[in-house]
Amino acid sequence: MRVNNDDALRSFKRELEGEIKNSSKIFIVGHNSPDFDAIGSAIGLYSFIKRFGKESYIIVNDDPAKIESGVKKIIDDNRDIINIIDKRECLELLDNNSMLIVTDTNKPDKISVGDSIDLFNKIAVIDHHFKTNESIKTTLIYINSQSSSASEIVTRMLNMSKVKYGGLTANYLLAGISLDTDRFKKNTTALTHDVAEKLIRRGADMNFVNNLFLQDFNSFCHVASLIIYDNTIRKIYTDSLPPIQVSFSLNREAPKSIYKKEDCAKAADRMMKFIDTDASFVMGYIDARIVHVSARGGKRVNVGKIMESVGGGGNFQNAGVQIETNDIFEIEQELINNVPLGISSSEDIINPLEIRSKQLAKRSKK
Ligand SMILES: [Mn+2]
């Protein structure tokens with residue numbers, strides 16, 4: 001049974017091919033914080049465009065350290081074969097006759113060129129998310145929310161045009177479909193499986209895809225090892241009211257484990273998101289003798305001040321330091337002692353009850 005009608009995609013594809021032929025340069029962009037579907041469909045589109053012999057580029061503007069490690073591996077493995085550029089390079093290269101192809105999103109605020117989107121005279125959108133009032137305004141748009149993924153749509157376009165693409169591209173497209181279908185457990189149609197079959201015939205390999213996922217899982221566990229179970233201790237500072245709660249995390253079982261600065265930063269962000277804490281400090285060795293501390297605070301705790309007290313810097317919410325030491329626990333103790341330096345004086349503290357009573361007072365005046 002045909003779940004989707006090919007005709008709409010076929011006519012979009014024809015129009016897109018016409019515009020590609022008339023363009024000087026083609027820029028492809030997926031959503032920020034790219035996942036396997038954004039990067040897989042972008043690389044698939046890169047293959048789609050290749051036969052027209054146009055200058056083409058994929059824009060990835062995220063901080064490389066913050067990109068999921070499986071996606072980062074794909075980007076690193078392809079840097080020599082694919083023109084992967086950042087937003088600044090894109091703005092330098094683009095001319096009046098350049099085209100932007102947006103994939104795996106249809107919202108201007110989700111792509112790195114969002115605020116400069118008006119510089120493009122031609123924009124195409126390929127996506128599987130619902131269209132809304134905020135969607136990019138262009139006539140060259142294919143959105144099919146019944147498709148599992150942008151990778152599924154792009155694979156269909158490649159196959160319709162009988163484009164030759166290699167096993168690696170097939171792998172990236174299959175990874176995109178696998179991610180968005182939660183490994184073929186949801187959002188699949190007969191077409192999704194049909195497309196997957198064709199990708200496997202082209203040389204895609206589920207083991208390769210599984211390894212990409214494993215890569216993400218391993219880095220996830222590595223970050224989690226900083227904060228899980230007894231690796232996080234919580235201290236309560238009762239000098240101010242309500243008492244302030246602060247968490248301190250490090251790998252206590254294997255304190256000499258090596259992390260990246262970004263691992264500590266991600267762990268500290270997660271603590272703020274999931275645990276009821278006013279500030280969080282995550283410590284890890286980034287080198288045999290250097291400990292990095294990522295600190296996150298909020299309205300009541302100025303972590304910048306606390307980091308300054310140990311030689312680092314930052315602002316109220318976000319701060320850090322690197323300290324040469326053989327004893328990570330000594331640093332932790334120093335931080336525990338220094339937290340009161342960063343606690344806002346009671347006048348500065350925004351008391352939710354106070355806000356509430358002010359709001360009520362205002363309302364009764366009306
Ligand atoms: Mn997607």
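Predicted model: local features only at pLDDT ≥ 70, side-chain atom pairs only at ≥ 80, totals over all residues.
The protein chain contains 12 helices and 12 strands. Its C-alpha atoms fill a box of roughly 70 × 60 × 45 Å along the principal axes. Of the 366 residues in the protein chain, 41% are buried. Among contacts with a separation of 6 or more, 68% are made by residues 24 or more positions apart. The chain is divided into two domains, with domain 1 covering residues 6-217 and domain 2 covering residues 225-342. The C-alpha centres of domain 1 and domain 2 are 39 Å apart.

An open sheet is formed by six strands in the order 3-2-1-4-5-6, and the pairing is parallel. Strand 3 (84-85) and strand 6 (140-143) each have a single partner strand and stand at the edges, so one side of each is left without a neighbour in the sheet. In general, strands of a sheet pair through backbone hydrogen bonds, in either a parallel or an antiparallel arrangement.

Within this sheet, strand 4 (residues 99-103) runs parallel to strand 5 (residues 122-127), and the two are joined by five bridges. Along this pairing, Ile101 stands opposite Ala124 of strand 5, and Thr103 stands opposite Ile126 of strand 5. Strand 5 also pairs with strand 6, in the parallel sense and over four bridges. Here Val125 is placed opposite Ile141 of strand 6. Five of the six residues of strand 5 are buried, so this strand is largely enclosed by the rest of the structure.

Helix 2 (residues 36-50) lies across strand 1, strand 2 (55-59) and strand 4, and runs at about 140 degrees to strand 4. The other, helix 1, comprises 17 residues and reaches 25 Å from its first C-alpha to its last, close to the 24 Å expected at 1.5 Å a residue. Phe12, Lys13, Leu16 and Ile20 are the buried residues of helix 1. They cover an arc of only 105 degrees around the axis, which puts them on the same side of helix 1. As a general point, an α-helix has 3.6 residues a turn, so residues three or four places apart point the same way. The buried residues of helix 1 pack against strand 1, strand 4, strand 5 and strand 6, as well as helix 2 and helix 5 (150-160). The face of helix 1 turned away from its buried side carries exposed residues, namely Asp7, Ser11, Arg14, Gly18, Lys21 and Asn22.

Helix 8 (residues 206-224) was examined in the same way. At 1.5 Å a residue, its 19 residues should span 27 Å, which agrees with the 27 Å between its end C-alpha atoms. Val209, Leu212 and Val223 are buried in helix 8. Viewed down the axis of helix 8, the buried residues fall within an arc of 60 degrees, so they line one face of the helix. Asn207, Leu214, Asn218 and Cys221 are exposed on the other side of helix 8. The cover over the buried residues of helix 8 includes helix 2, helix 3 (69-78), helix 6 (167-180) and helix 9 (261-274).

Terms used:
Residues numbered from 1 in each chain as written. Pairing = 2+ DSSP bridges. Contact = placed C-beta atoms within 7 Å. Axes fitted to C-alpha atoms, helices over the stretch in contact; angles between N-to-C directions. Expected span 1.5 Å × (residues − 1). Buried ≥ 20, exposed ≤ 12 C-beta atoms within 10 Å, placed from the backbone. Arc of directions from axis to C-beta. Domains from an automatic or database assignment.
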